[in-house]
Amino acid sequence: MNVLEVENVSAAYRKNTVLRDVSFTIKQGSLTGIVGPNGAGKSTLIKVLLNLHPQLTGKVLFFGSELKNVKRRIGYVPQRVSVDWDFPTDALDVVLMGMYGQIGWLKWPKKIHKEKALKALDIVGMKDFAHRQISELSGGQQQRVFLARALIQEADLYFMDEPLAGVDAATEKAIMHILRELKESGKTVLVVHHDLQTVEDYFDQVLFINRTVVAQGETEKIFTKENIAKTYGGNIRWLKEGVGFVNSPLQ
Amino acid sequence: MTYTGWILLTASLVGISCGIVGVLLILRRMAMMADAISHTVLLGIVTAYLLTQSLNGIHMVIGAAITGVLTAYFVQWLNTRGVQQDAAIGVVFTTLFALGVILIATKVGNVHLDVKHALMGEITFIPWDTIDVPIIGDVPIATLTLTFVLFLVLFVIVLFYKEWKITTFDPALAASIGIPVVVMHYLYMTVLSITTVAAFDAVGAIMVVAMLITPAAAAYLWTDRLFVMFVLSAIFGVFSAIGGYYFAVLIDTSISGSMAFATGVVFLISILFSPRHGLLSYWIRPIATK
């Protein structure tokens, strides 16, 4: 079953077109890595899909329906650097924000919401930091808090913008473990990812983006040196055994 | 109530309202919007006067609210057209303010409305301009207006407390879960404009800007909790109002000026002595944690 259908979507920043004719579908229960060079429009794609950035053309269907009908079923993890971590609040409070939509207008978070938030913090290994001011957390810890905030939304489809950027190895492992668990419980996860070396280990589906969809499908079949070269314009310095693609200026 | 009592009460009301509104201003990194709106509301006041031919408070408030929102809208519009945020604020605010000045000079003439009054304000005259309120008796109009404004501010902030928090901290997440970020932005701009114009008439534009920005900026240095920041900011506002008044009496100078200056002193003390961000705590901290 397709949980996401994207058809001919295009978008622009001022007059520069960043995305054109983007079409793809995502199956339920998949874990997709969105890869592409800097400026390829990966983050913009997510923002356009979620209506956070204007969409010029095209059609997007979530669970066969329009976004506004299914907002509750969609979770979003923005880039960690997109918020001000000096904001006067603690980790628990940030996680609670994930439930503000469910709590509804004119109501305050109750004890049950706090317990849920604590549980989510526990899952990401951050329970002991619940009352820590967020600026005192490391990059990896902040990312875990963001993940906990997404988990608490209990969405069916997750969009995560570079959740592994600038985190420590332990956090990377923990986050990937949680993402796999989400997938195994039937949730669908799309992750903007920048480290080509780990794509094969982490994702069962891959979506190559450079202004448009370059290739998409199962990682085993699609993650080839040809597709990588096509996406990155042959301009990569990246080494890995097996794929055997080397393009170093030293060569 | 005594003459001094009314002045202290009025200034304290300004301090609380501006202190609370200012917290979101600081956290949303829009401090310069306060400067802009405190000037552009002049255009709203003049336009309201020209349309209604009266200096009635409610017309002024509505006129100011409209220009305040217009200011925010124009800044946003220029910003999306590729003009830098600070340049956009500068362009919009000077143009609208200049328009207000031209209108005053050509159309309004000798009415109780002049640029100097608008900029500096004259809190000294407030206790003489009263209205008869049932039960309480004679109350200065400015004090009454500011009381209503304070209730409005408290109402809007408390009612949408969690929405303010999320749209300020992470607007992208807020929008993705269906909270109308843009509507909240303009609602905030409306509240900011109403607070500004009410305070403006009493204490002048300069003090409004000081009261909006400085106590909140100082409160930010003392706490890691949003709620505490609101409370501290309001307390700093009141403290500056009262401290400023007695300082002005002591050396016989401008009351509004002293109150604005007092906010600066509160900020200076905060940056020296606050536990987490203070310079003193930085100097005495063990070297390893620096």
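Reply: Chain A and chain B bury about 2800 Å² between them, 66% of it on carbon and sulfur atoms; buried area here is the accessible area (1.4 Å probe) that two parts lose on being put together, summed over both. Before going further, note that this is a predicted model, where local features need pLDDT of at least 70, side-chain atom pairs count only at pLDDT 80 or more, and totals for chains, interfaces and linings use all residues. Residues are numbered from 1 along each chain as its sequence is written, chains are lettered from A and ligands numbered from 1 in the order in which they are written, and side-chain values use heavy atoms, with hydrogens and water left out.

Back to that area: A:Phe87, A:Pro88 and A:Trp105 supply 24% of what chain A buries against chain B, more than any other three residues. In terms of contact (heavy atoms within 4.5 Å), 30 residues of chain A touch 33 residues of chain B.

Three salt bridges run between chain A and chain B, a salt bridge being a side-chain nitrogen of Lys or Arg within 4 Å of a carboxyl oxygen of Asp or Glu. For instance, A:Arg149 and B:Asp170 join their side chains in a salt bridge at 2.7 Å, N to O. Eight residue pairs, both partners at pLDDT 80 or more, are in polar contact across the interface of chain A and chain B. That term stands for a pair of N or O atoms within 3.5 Å; within protein, one must be able to donate a hydrogen and the other to accept it, and residues adjacent in sequence count only if both atoms are side-chain atoms.

As for which elements take part, α2 (91-97), α3 (100-103) and α5 (139-151) of chain A each give at least two residues to the side of chain A that touches chain B. Helices (H or I, at least four residues) and strands (E, at least two) are DSSP runs, numbered from the N terminus. By class, that side of chain A has 16 nonpolar, six polar and eight charged residues; Ala, Val, Leu, Ile, Met, Phe, Trp, Tyr, Cys and Pro count as nonpolar, Asp, Glu, Lys and Arg as charged, and the others, Gly among them, as polar.

For some context, the salt-bridge count over all chains is nine. Within chain A, the side chains of A:Asp156 and A:Arg73 pair up at 2.8 Å, N to O. These two are 83 residues apart, with A:Asp156 in the loop between α5 and β6 (157-161) of chain A and A:Arg73 in the loop between β4 (57-62) and β5 (74-77) of chain A. One backbone detail to check: A:Leu106 has a positive phi of about 65° although it is not a glycine, and A:Leu106 sits in the loop between α3 and α4 (111-123) of chain A.
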